Amino acid sequence: MSLRKSFGGVKAVDGVSMDVEEGERLAVVGPNGSGKTTLINLLSGLLKPDSGDIYFKGIRVTNKPLHARVKLGIARSFQLPSLYQGLTVRQNAAIAVSALRGFSLRPVDEEDVRDALERFGLWEKRDLPVGSLSEGEKKILDIALAVVARPKVLLLDEPTSSVAEENKFELMEFVVGRLKGVSLVIVEHDLDIVEAFADRVAVMHSGRITAVVPPGEVRRMAV
Ligand SMILES: Nc1ncnc2c1ncn2[C@@H]1O[C@H](COP(=O)(O)OP(=O)(O)O)[C@@H](O)[C@H]1O
Ligand SMILES: [Mg+2]
């Protein structure tokens, strides 16, 4: 059954049925308020749907909390405000690793932290406060922290928003290059980015997916 989620009278997600193939990069486009973030929230477990089901590799995850889905291999990039601006890059990474373990009191494995930061070129910046990073570096850190979980599918909500226009392409190339084999669901406004990086594009309007098209056709869809 397709996914639905309302907030009061607002049908944020109003009957979405969609599959994501292994290893594919699915872009989700649509106007503000069309339900893209709510869909990501449902898939990641931040929100529970009013109706409908979510399956991951045949396992019904509809009622599993976010951390249980992370264990199975579904991760999302954290929203920027969830980075602790006053703490260092390394401290933020340690918190992310700890969170993945349900905040158990076991000490965080320094190797996991180092791996995540090295993979995304942030190890040299480990002792800097996050507040001193560029917007692009914060976005990359945000994604690096999600990747600590070694996800099979990664949900990226506007990975290039707040990044300067001239840096968006480079950022995506960098990120996508480090996520080979990981299925990606990417909410993205910039159609140049969508065309360059997506395998398929789902177009959302008023809580529904109104079309699924190849990236070359997305400009015709009057997004
Ligand atoms: N937590 C919430 N409480 C009330 N309304 C919400 C909430 N989250 C989203 N909405 C509403 O749901 C609709 C879809 O929002 P959203 O999923 O954020 O869209 P998008 O990411 O495509 O801009 C909008 O009308 C928005 O105002
Ligand atoms: Mg949104």
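Trainee: What gives the most to the shell around ligand 1, and with how many residues?

Mentor: Helix 1 gives the most, with 3 residues. Please note that this is a predicted model, in which local features need pLDDT of at least 70 and side-chain atom pairs count only at pLDDT 80 or more, while totals for chains, interfaces and linings use all residues. Residues are numbered from 1 along each chain as its sequence is written, and chains are lettered from A and ligands numbered from 1 in the order in which they are written.

Trainee: Which residues surround ligand 1, and what makes a residue near a molecule?

Mentor: A residue is near a molecule if its C-beta atom, placed from the backbone, lies within 6 Å of it. The residues surrounding ligand 1 are F7, V10, A12, G30, N32, G33, S34, G35, K36, T37 and T38. Strand 2 (10–16) and helix 1 (36–44) are the elements that give two or more residues to this shell. Helices (H or I, at least four residues) and strands (E, at least two) are DSSP runs, numbered from the N terminus.

Trainee: How do the residues of that shell divide into nonpolar, polar and charged?

Mentor: They divide into 3 nonpolar, 7 polar and 1 charged. Ala, Val, Leu, Ile, Met, Phe, Trp, Tyr, Cys and Pro count as nonpolar, Asp, Glu, Lys and Arg as charged, and the others, Gly among them, as polar.

Trainee: Is I40 buried or exposed, and why?

Mentor: I40, whose place is in helix 1, has 21 C-beta neighbours inside 10 Å and therefore counts as buried. The rule calls a residue buried if 20 or more other C-beta atoms, placed from the backbone, lie within 10 Å of its own, exposed if 12 or fewer, and partly exposed in between.

Trainee: With which residues is I40 in contact, leaving aside its neighbours within four places in sequence?

Mentor: They are R76, L155, D157 and V187. Two residues are in contact if their C-beta atoms, placed from the backbone, lie within 7 Å.

Trainee: Why is L171 placed in its class of burial?

Mentor: L171 has 20 C-beta neighbours inside 10 Å, so it counts as buried. L171 lies in helix 6. Neighbours within four places in sequence aside, L171 is in contact with G136, K139, I140, T160 and V163.

Trainee: What makes G136 partly exposed?

Mentor: G136 has 17 other C-beta atoms within 10 Å, so it is partly exposed. G136 is found in helix 5 (residues 135–147). With neighbours within four places in sequence set aside, G136 is in contact with V163, N167 and L171. G136 and K168 are 32 residues apart in sequence, and 8.2 Å separate them in space, C-alpha to C-alpha.

Trainee: Into which domains is the protein chain divided, and how far apart are their centres?

Mentor: The chain is divided into domain 1 (1–73 + 151–223) and domain 2 (83–149). Their bounds come from an automatic or database domain assignment. The centres, taken over C-alpha atoms, are separated by 23 Å.

Trainee: How many residues of each domain are in contact with the other?

Mentor: 13 residues of domain 1 are in contact with 12 residues of domain 2. On the side of domain 1 that touches domain 2, helix 2 (66–72), strand 7 (153–157) and helix 6 (165–177) each supply at least two residues. Helix 6 provides the largest share of that side, 4 residues. The residues of that side divide into 9 nonpolar, 3 polar and 1 charged.

Trainee: How do the axes of helix 3 and helix 4 cross?

Mentor: Two packed helices are described by the angle and the distance between their axes. The axes of helix 3 (residues 89–100) and helix 4 (residues 110–119) come within 9 Å and cross at roughly 115 degrees. Such axes are lines fitted to C-alpha atoms, for helices over the stretch in contact, and angles run from 0 to 180 degrees between N-to-C directions. V89, R90, A93, A94 and V97 of helix 3 make the contact with D112, V113, A116 and L117 of helix 4. These residues divide into 7 nonpolar, no polar and 2 charged.

Trainee: Is K57 buried or exposed, and why?

Mentor: K57 has 11 C-beta neighbours inside 10 Å and so counts as exposed. Its place is in the loop between strand 4 (55–56) and strand 5 (59–60). K57 is not a glycine, although it has a positive phi of about 50 degrees.
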